[in-house]
Amino acid sequence: MGDTVYPPPTAPGASMFGNMPGYEGLAAGGSFLPPPMPLGPVAPPQPGPDPEEWIIPTLSEDIAREAFRSFVSTHSCYSKSPVNDGVITNMEPFNTYRYQLETFTETRKTEQAEKPYEGEQADFNIQPAPQPWDVPAKAPSFFTKHKEKIRVPFTSSIKECTTCNALGTVRCQECNGNGTKPCFVCNGSGRHNEQACSSCDATGKTRCIKCNARGNVDCETCEGKRQMLSYIKLKVKWSNHEDYHVVPQNSGLQIELDSVSGKQLFQNSDSLLYPLLGFPNPDISEASQRMIKDHQTKYGQTSRILQQRQTVELIPITKVNYKWKGGAHLYYVCGNENEVSADNYPATCCCVIQ
């Protein structure tokens with residue numbers, strides 16, 4: 001059989017990619033691509049108050065006490081006495097609104113790339129390459145993070161591998177190209193314990209396992225293919241950017257409320273959102289207007305905004321006052337999960353391991 005026939009190299013010079021419309025930044029190592037101009041937002045129906053649906057039932061003492069008990073059980077240094085012997089004296093609701101804004105974006109970046117040639121079509125300059133934002137890419141479901149790498153059509157060409165000079169192999173570094181290594185038993189002397197070394201048959205050498213005694217190994221760059229496929233790689237990234245605003249509730253609660261859920265009062269989504277200017281609580285209206293403007297300005301410059309979603313929740317917060325051993329104490333029960341916050345728990349011990 002004759003030798004394998006390889007297609008002739010067709011790779012353009014590095015500067016030729018930089019002259020392609022839409023890919024001018026490749027000469028500088030690649031860059032993020034500005035997205036097409038979006039359409040303006042359309043005002044949706046604004047939420048209005050609905051007293052019957054927007055009321056959260058008052059927390060009962062039994063539920064408050066059980067939530068407290070569950071909280072204490074997760075702290076090994078907390079005594080159960082305040083739970084078992086404490087007397088609830090007052091419970092105050094401080095329910096508050098939380099506004100969430102999500103902006104789902106697509107970002108595109110191009111860069112020059114190479115891979116071992118495996119018979120792909122060298123389609124460079126067969127026809128003009130599509131603009132970066134015109135290359136088809138299947139987006140995931142809205143608000144789902146994902147990444148994709150795409151070979152841009154009509155940018156692929158073949159070039160010889162410069163690492164191995166198109167030989168497909170390079171000298172084995174383990175044996176320095178000899179195919180053999182000094183015997184590890186006799187250190188290359190051929191003798192061990194004043195006798196002929198049986199490990200190497202007194203030759204002082206053993207076969208190099210890495211190259212199978214060939215003296216060379218497959219080139220890691222081209223994986224033995226001798227040629228490389230040069231092309232433009234499009235890196236597409238879908239991201240979901242989230243921000244929250246919680247209306248101050250003046251209860252004294254010092255924790256963030258990002259780990260709890262509440263009752264959803266309103267939600268809408270669109271390619272570009274319009275602020276909730278008619279929301280009954282002006283703090284939510286202001287936050288919606290400010291955050292939507294910030295997101296559209298911040299992410300619209302370097303990414304394509306595919307979808308935005310805004311959600312308003314009513315977060316239940318109950319301040320529980322109780323007495324224990326003559327002292328007044330308190331804790332908070334928050335969210336649908338009845339998460340407890342009790343910063344100044346009155347019965348803790350100091351556990352020290354000697």
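Residues are termed buried under 20% relative accessible area, exposed over 50% and partly exposed in between, with a 1.4 Å probe and protein chains only. Helices (H or I, at least four residues) and strands (E, at least two) are DSSP runs, numbered from the N terminus. The model is predicted: local features need pLDDT of at least 70, side-chain atom pairs count only at pLDDT 80 or more, and totals for chains, interfaces and linings use all residues. Residues are numbered from 1 along each chain as its sequence is written, and side-chain values use heavy atoms, with hydrogens and water left out.

Helix α4 covers residues 282-300. The end C-alpha atoms of α4 are 26 Å apart, which agrees. Buried positions in α4 are Ile284, Ser285, Ala287, Ser288, Met291, Ile292, His295 and Tyr299. They cover an arc of only 160° around the axis, so they sit on the same side of α4; the arc is that of the directions from the helix axis to the C-beta atoms. An α-helix has 3.6 residues a turn, so residues three or four places apart point the same way. The face turned away from the buried side of α4 carries exposed Pro282, Lys293 and Lys298. At the N-terminal end, Asn281 caps α4, with a side-chain oxygen 2.9 Å from the backbone nitrogen of Asp283.

The buried residues of α4 pack against β3, β12 and β14, where contact means heavy atoms within 4.5 Å. Strand β3 (residues 96-116) is mostly covered, with 17 of its 21 residues buried. Two strands pair if DSSP finds at least two bridges between them. β3 pairs in the antiparallel sense with β12 (residues 227-246) over 19 bridges. In that pairing, Leu101 has Asp243 of β12 as its bridge partner. β3 also pairs with β14 (residues 304-315), again antiparallel, over eleven bridges. Here Tyr97 stands opposite Leu314 of β14.

Asn268 lies in strand β13 (residues 263-270). Asn268 counts as buried because its relative accessibility is 15%. Its side chain joins that of Gln310 in a polar contact of 2.9 Å.

Most residues other than glycine have a negative phi. Ala202 has a positive phi, near 65°. Ala202 lies in the loop between β9 (195-196) and β10 (205-207) and is partly exposed, at 39% relative accessible area. Ala213 also has a positive phi, of about 70°. Its place is the loop between β10 and β11 (216-218).

Note on methods
Expected span 1.5 Å × (residues − 1). Polar contact = N/O pair within 3.5 Å; in protein donor to acceptor, adjacent residues only side chain to side chain.
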